[in-house]
Amino acid sequence: MSTITGASLFGSQTLTGEGAAYTATAPARNESLPESFFNISPAQAEQVVQLASAAFGPYSQLHPHRRAEFLEAIADEIEALGDVLPERAHAESGLPMARLTGERGRTCGQLRMFARLVREGSWVDARINPALPDRQPLPRPDLRRMLVPLGPVVVFGASNFPLAFSVAGGDTASALAAGCPVIVKAHPAHPGTSELVGRAIQAAALKTEMPDGTFALVHADNAVAQALVGHPVVKAVGFTGSRAGGLALLRVAQARPEPIPVYAEMSSVNPTVILAGAMQERGTAIAEGLAGSITLGVGQFCTNPGLVFVTQTDKLNEFLGTLGAKIRATVPATMLNAGICDHYRTGLDTLSRSAEVEVLAESETDARSEATEGRPAVLTTTGAAFRSNPALSHEVFGPSSLVVVCQDEAEVAACLQTMEGQLTATLFAADSDLQTSAYNWVALLQQKAGRVLFGGYPTGVEVCEAMTHGGPFPATSDARTTSVGTAAIERFARPVTYQSFPNALLPLALQQENPLGIWREIDGVRGKE
Ligand code: NAP
């Protein structure tokens, strides 16, 4: 039975932080929970990175099947916590139990997906150009290339996914899968949940005999968290959360004598474009679907559709009427914490006071507590106002969306051009739109986003091989990457070419007889020979 002690986990050790204490808050009541959590001191931060540094060599050299066993054991240990885990996450986040149970399934599924990837082994992208000793005018040496782990990684989870984007979330799973030790900085909005999951990983590491220090969980204030990012031993950072937080860590990482990558997933407003033909054919159905997507999970998804572009058509009023009616009928609900609720209220207030912005509809039900419950809303503005005021495209994290009514397609395209990078962009188009439009909408949208949807709703991110949960800045700090799906592992690896090596000294993935049985490219031809 796991208990919550407020301590940090340094490999196999449990250490009480020597820094300030804090408590978690139950958002539903906006009251402190009883346990205290203790931040680590700078000296303890030094201790934890040295432990991770010592673990890196042996962990990175383990047979890939051993890493797969570790990841599977983590999933087993998390499941073995039973209801204690979703109940604690519910108390700390206010998210419904059903959602958290689903999120636990996603988290364990994700760990097992990375276990399969590592066990199969081909992700290392082995490429071999055998020696050509007789080549003229110069012989070619034997060259063999593969991906190897970067080194210790520091992970910062988000408040809105206390399981799937936190201690054992995608960043941790993909970094461990790649062969990197991980130090997680616990999110102060769900520290008890973090400790429960951290202890599950600790137990899994002990059971599968991982090198001590392969995993650590620390409670830390921002100064100490930044010191971890700045420490020479650390080689990469995974982050999900606010733009301000992600950028602060990026600055620290770039100011190091040896700059390191920070894979930060930050803000996104996820534009949806509804062309005239689609509006004509099924505007009402789209409005209903959108209302559901806007308010799902009290709008606390990074893929929430925060902006909707429409053109002036005779069906527009019907669309707005349906969307408004749906939003008015939705009830306010508890947000993740009072800070996020306050940001939402302030953001909405600022937006609604902007020139040429009108509130189309708000939930007709009063919040039981203004401090904790977010009230769904939809606002409207014009294309001209949108283009002249960049603030209208800023993320308002919560259950709201801004409908931008444009004169015509040209104005929609012009609005999209002004926008920053996004996680997703969605197109609703009828055949008639695609036949008559002067614009290549797919090209326009793919320039802006990591995932482009045709006729759907962006909330809901499948964990699979083909997923890209990323996008140009500020959706992420590196548009070449994804934080969800198997490709997330590539963020924590780098290529190495071994030249003229004796077979026995090569990593298994590159040895002549292909002992791991993985897919490799030999002189450009893919095979398992
Ligand atoms: P956050 O405030 O950025 O926090 C994420 C983690 O980073 C926390 O552990 C936080 O610790 C740490 N952190 C933040 N700033 C830091 C700094 N300057 N130095 C060191 N560590 C720092 O994100 P959040 O709590 O998940 O949500 C807050 C806001 O982020 C929301 O209102 C929303 O706007 C946005 N958000 C966006 C997404 C998205 O995917 N687009 C997802 C979730 C949230 P402390 O809390 O101790 O500072």
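Asp125 is placed in the loop between α4 (97-120) and β5, with helices (H or I, at least four residues) and strands (E, at least two) taken as DSSP runs numbered from the N terminus. Phi of Asp125 is near 55°, a positive value in a residue other than glycine. The model is predicted: local features need pLDDT of at least 70 and side-chain atom pairs pLDDT 80 or more, while totals for chains, interfaces and linings use all residues. Residues are numbered from 1 along each chain as its sequence is written, and side-chain values use heavy atoms, without hydrogens and water.

**Backbone geometry**

- Most residues other than glycine have a negative phi, and most peptide bonds are trans.
- Gln136 and Pro137 are joined by a cis peptide bond, with omega about 5°; Pro137 belongs to the loop between β5 (127-129) and β6 (143-149).
- A cis peptide bond also joins Phe473 and Pro474, with omega about 5°; the loop between β20 (449-454) and β21 (493-499) holds Pro474.

**Ligand contacts**

- The ligand is surrounded by 25 residues, each with a heavy atom within 4 Å of it; the closest are His187, Ser242, Glu265, Met266 and Cys302.
- An N or O atom in the side chain of Glu265 is 2.7 Å from an oxygen atom of the ligand.
- For Lys185, the distance from a side-chain N or O atom to an oxygen atom of the ligand is 2.9 Å.
- A polar side-chain atom of Asn222 lies 3.1 Å from an oxygen atom of the ligand.
- On its own the ligand has 850 Å² of accessible area, of which the protein covers 83% (Shrake-Rupley method, 1.4 Å probe).

**Ligand site**

- The ligand sits in the largest pocket, in that more than half of its atoms lie within 2 Å of the grid points; a pocket is an open set of points on a 1 Å grid over the protein atoms alone where a 1.4 Å probe fits, with protein on both sides within 12 Å along at least five of seven lines.
- Two or more residues of the shell come from each of α7 (222-230), β10 (236-240), α8 (243-255) and α11 (338-353); α8 gives the most, with three residues.
- The shell comprises 10 nonpolar, 12 polar and three charged residues, with Gly counted as polar.
- Domain 1 (9-23 + 34-266 + 479-492) and domain 2 (271-454) both give residues to the shell, so the ligand lies between them; the bounds come from an automatic or database domain assignment.

Key
Polar contact = N/O pair within 3.5 Å; in protein donor to acceptor, adjacent residues only side chain to side chain. 1 Å grid on protein atoms, 1.4 Å probe; cavity = no way out; pocket = protein on both sides within 12 Å on 5 of 7 lines; lining within 4 Å.
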